[in-house]
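I opened this model to look up a few things and to write down what I found. My notes are meant for someone who is reading a structure for the first time.

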Amino acid sequence: MNALAATSRNFRQASRLLGLDSKLEKSLLIPFREIKVECTIPRDDGTLASYVGFRVQHDNARGPMKGGIRYHPEVDPDEVNALAQLMTWKTAVADIPYGGAKGGIGCSPGELSNSELERLTRVFTQKIHDLIGTHTDVPAPDMGTNSQTMAWILDEYSKFHGHSPAIVTGKPIDLGGSLGRDAATGRGVVFATEALLAEHGKSISGLSFVIQGFGNVGSWAAQILHEKGGKIIAIGDATGAIENPDGIDIPALMRHKNEGGVLKDFKGANAVDMKELLVHECDVLIPCALGGVLHRENAADVKAKYIIEAANHPTDPEADEILSKKGVIILPDIYANAGGVIVSYFEWVQNIQGFMWDEEKVNMELQRYMTGAFKNIKSMCKTHDCNLRMGAFTLGVNRVARATLLRGWEA
């Protein structure tokens, strides 16, 4: 089941639990605006190339719309739609004053030179500049984009609207980016894990962890879990997987990675088969990479007691059912990986105030938001007698529905 079908299914289930009016339910699913633009640029060899860019703005009942921009050859309108909708519920779960959006350009960023990427980003910004804004829609980086992409958008947007640092988040620090933003999603995953474990009378120290995916989120989560006394016994990424039952030396692994080494060549651990990773013996499994990695083929073999969804949609609905029957506790993506958007919100607030925070304040506020959201999810679980995923969805959908009703949606 793809991300769109799964998100819609979760939404409908939450809406039934909440007893939402069918007209309201329908109106919450319909996106506010879908934008599609043609971006034509000269390539470095003098030829012209055209790329399709789009932005789906899903809902603005609770505030400006917020979501990433991805550069990827398969930017599919359906998927962008699902991700925009997911951002609406995610920002509501985290209780930050945003709605959801998502966008992208269908291109292969690896095949474009830096100057071609810059031209493409600027043309895209020129086409959508009057449809985004500090209090309308605030983009951020996603797959295939980074802080440099955000710097180009900021510069191009500012040519039309004057200096506007709050137009995008995930910017370079020198242009008004926030300290702690780089580690935010991984750090948020750790705060979420702590909140869940505390509920069960446990702490990170002494437990064993398996991490699938060692990009930004996976590597930060691994470092912070290691600092807090967690034992990371296996890690995998696209290049291969490694294990060490006594715990992998994460600082040494990070040095190896930063020197350009691949995971499977790391000396302090043994190589294992990628398929083994997700069904490895451990207390906590953290998928941080692609969606759909836990499915009906492998769910029955999962040995972890807790799964923390740091990736978007790593567990498909069939696996969800199998795992719940086994008594595995799943902390849903819509909450577990919200650290990134929460610190994006802090960046936006700092830009609007023109007053920057130190990193300690960023991390302290992030912990406060993650812990608060977990308490709110648990109280929804009690009210509706449901699992954590439905607790999070009912929390998010209920907040958006209340805001929509208060604003008067039928007028």
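**Entry 1: ground rules**

I noted that this is a predicted model, in which local features need pLDDT of at least 70 and side-chain atom pairs count only at pLDDT 80 or more, while totals for chains, interfaces and linings use all residues. Residues are numbered from 1 along each chain as its sequence is written, and side-chain values use heavy atoms, with hydrogens and water left out.

**Entry 2: aromatic pairs**

I looked up ring pairs, where rings of Phe, Tyr and Trp (its six-membered ring) pair if their centres lie within 6.5 Å, and planes under 30 degrees apart count as stacked, over 60 as edge-to-face and the rest as tilted. The count by this rule is 9 aromatic pairs. One of them joins tyrosine 98 and tryptophan 348 edge-to-face, with 5.1 Å from centre to centre and 65° between the planes. This pair links distant parts of the chain, since tyrosine 98 is in the loop between α3 (77-93) and β4 (99-106) and tryptophan 348 is in helix α12 (residues 339-353), 250 residues apart. For these element names I kept in mind that helices (H or I, at least four residues) and strands (E, at least two) are DSSP runs, numbered from the N terminus.

Tyrosine 98 counts as buried because its relative accessibility is 0%, and tryptophan 348 counts as buried because its value is 8%.

I then turned to phenylalanine 346 and tyrosine 369, whose ring centres are 5.6 Å apart with planes at 65°, so this pair is edge-to-face. Phenylalanine 346 lies in helix α12 and tyrosine 369 in helix α13 (residues 359-384), so the pair ties together parts that are 23 residues apart in sequence. Phenylalanine 346 is buried at 2% relative accessibility, and tyrosine 369 is buried at 19%.

Which residues do the ring pairs link into a cluster? I wrote down Tyr98, Tyr345, Phe346, Trp348, Trp357 and Tyr369. I also saw that the charged end of lysine 361 sits over the ring of tryptophan 357, 4.7 Å from its centre; the rule asks for NZ of Lys or CZ of Arg within 6 Å of the ring centre and within 35 degrees of the ring normal.

**Entry 3: sites from the record**

UniProt lists Thr185 and Asn216 under "binding site" in an unreviewed entry. They span 32 residues in sequence, yet no two of their C-alpha atoms are more than 8.3 Å apart, so they gather at one spot. Threonine 185 lies in helix α6 (residues 184-199) and is buried at 14% relative accessibility.

The unreviewed UniProt entry also places the feature "binding site" at Lys66, Lys90 and Ser344. These residues are spread over 279 residues of sequence, but they cluster in space, with a largest C-alpha distance of 13.0 Å. Lysine 66 lies in strand β3 (residues 65-72) and is buried, with a relative accessible area of 1%. Serine 344 is found in helix α12 and is buried at 3% relative accessibility. I reminded myself that such annotations may be inferred rather than shown by experiment.

Where is threonine 47? I found threonine 47 in the loop between β1 (33-42) and β2 (48-57), and it is partly exposed, with a relative accessible area of 41%. Threonine 47 and aspartate 301 are 254 residues apart in sequence and 52 Å apart in space, C-alpha to C-alpha.

I also checked backbone angles. Histidine 313 has phi near 55°, a positive value in a residue other than glycine, and histidine 313 is buried, with a relative accessible area of 17%. Aspartate 385 has phi near 50°, again a positive value in a residue other than glycine. Aspartate 385 lies in the loop between α13 and α14, where it counts as exposed at 72% relative accessibility.

Notes: Buried < 20%, exposed > 50% of the residue type's maximum accessible area, 1.4 Å probe, protein only.
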